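Here are a few notes to go with your first look at this one.

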Amino acid sequence: MKVHIHTYGCQMNENDTEIAKQLLLNEGHELTDNEDEADVVILNTCAVRKKSEDKVYSHIGKLRKKGKKIGIMGCVADKEKENLFKRGVSFVIGTRALAKMPEALSDAKNGTRRIYLEDTLDEIQYHLVDTRSSKHHAWITIIYGCNRFCTYCIVPYTRGREKSRPIESVLLEVRTLVEKGYKEFTFLGQNVDAYGKDLNDGTSLAKLLREAGKIEGVKRLWFLTSYPTDFSLEIPKAMVENPRIAKSIHLPVQHGSDRILKAMNRRYTRNEYIELINSIREIVPDASISSDIIVGFPGETEEDFEATVELVKTVKFERLNLAIYSPREGTVAWKYLKDDVPHKIKVRRMSYLLNLQKMINRELNEAYEDKTIEVIVEAQANNGLFYGRDIRNKIISFEGSPEFIGKTVAVKVTKITAGPLYGTIEKVLE
């Protein structure tokens, strides 16, 4: 059968799509980038926000009009399960049932509707996945699920409890990909810092970074996303030991008010978070810290919001992902907390933080002016310029050519903005 997969959501979904594609190719199915040519269209879905879920339902409606067989994987599959059959879906595959993908396609061909939710992750041969979206950078999911149960978050209910892959499996995947020419690797998890805790054998994210950093051919290692109370200071220590480990840490804080943090069930205080940032910077003074913040959580007062503003001014994040709170059905906040902050106030607070972060970005970016930095070229943007990132995850754009993608270049910064940096290539390093 000819199959098209459309991916919504996070990098973990992207990695799941890569694995699903390989499993289908192994069974002789054909992949297409054009959904109109496909016999079956699979939507790899996100349920973090209602808007994301609504996009999926809209897409399902369009596919039904085209007469397509439809498969649903990802978080919406685990959240809605058999309810999706009412929308005309042919099969449903939970986030841990990936290995059942070929069986699901067979059922779809025969007109049988089935739902797959069993855990089949141990059946996947991750190191044999060749259907990567990049030829030099690979996403590698090292832990599935989350045990934190933040009151606003649906993920623990869709992706389940934390489950780590054995470290030998991850290292085998890295070694195999290095042999194929891959240079950059990003280790993924909803709570990547919890990696190894469920294995009870001494495995940890810091240990994985150290071991992967020893593999000849690895140019750069990244990891996403961290959780403050699970973050170990062994991680920045590993960064100091090995220059292949990127000096970039995404450490979501979500809010600056202790009262709101408690309502979110975030398990740390504002001061504890700041102390952690200070400890990281003591070990790695030039570490790049980015974060997430939710604006307009139930009960958020102007005083609470000002606490967030002061936290942003104090920490000075390199990047900040901002989101307006919206209730997610099935979460504790949706069930017990009234969404009582007016939308116009949420928008005003969001705009204020956006403008504040732009000023901070501009200030931090000025440190790069006239400097020459080492960048791995990622891709070509819509404006025709190419771009890449340095070891601190700073994005820089420049004129180049397709053969530079995946190569390491020295770029001199010639222009500063509140967003990307701009420069010129001085030398191709490798």
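1. Start with the closed barrel: five strands in the order β14-β15-β16-β18-β17, with mixed pairing. From one strand to the next, the twist averages 55°. A strand here is a DSSP run of E, at least two residues, numbered from the N terminus, and two strands pair if DSSP finds at least two bridges between them. Angles run from 0 to 180 degrees between N-to-C directions, using axes fitted to C-alpha atoms.

2. A word on the source: this is a predicted model, where local features need pLDDT of at least 70, side-chain atom pairs count only at pLDDT 80 or more, and totals for chains, interfaces and linings use all residues. Residues are numbered from 1 along each chain as its sequence is written, and side-chain values use heavy atoms, with hydrogens and water left out.

3. T372 sits opposite K412 of β17.

4. Next comes an open sheet of three strands, β11-β12-β13, with parallel pairing. Its edges are β11 (248–250) and β13 (319–324), each pairing on one side only. Ignoring direction, neighbouring strands in this sheet are turned by 15° against each other on average.

5. Which residue of β12 is the bridge partner of I249? It's I289. Three bridges link β11 with β12 (residues 288–295) in the parallel sense.

Key:
Helix = DSSP H or I, 4+ residues; strand = E, 2+ residues; numbered from the N terminus.
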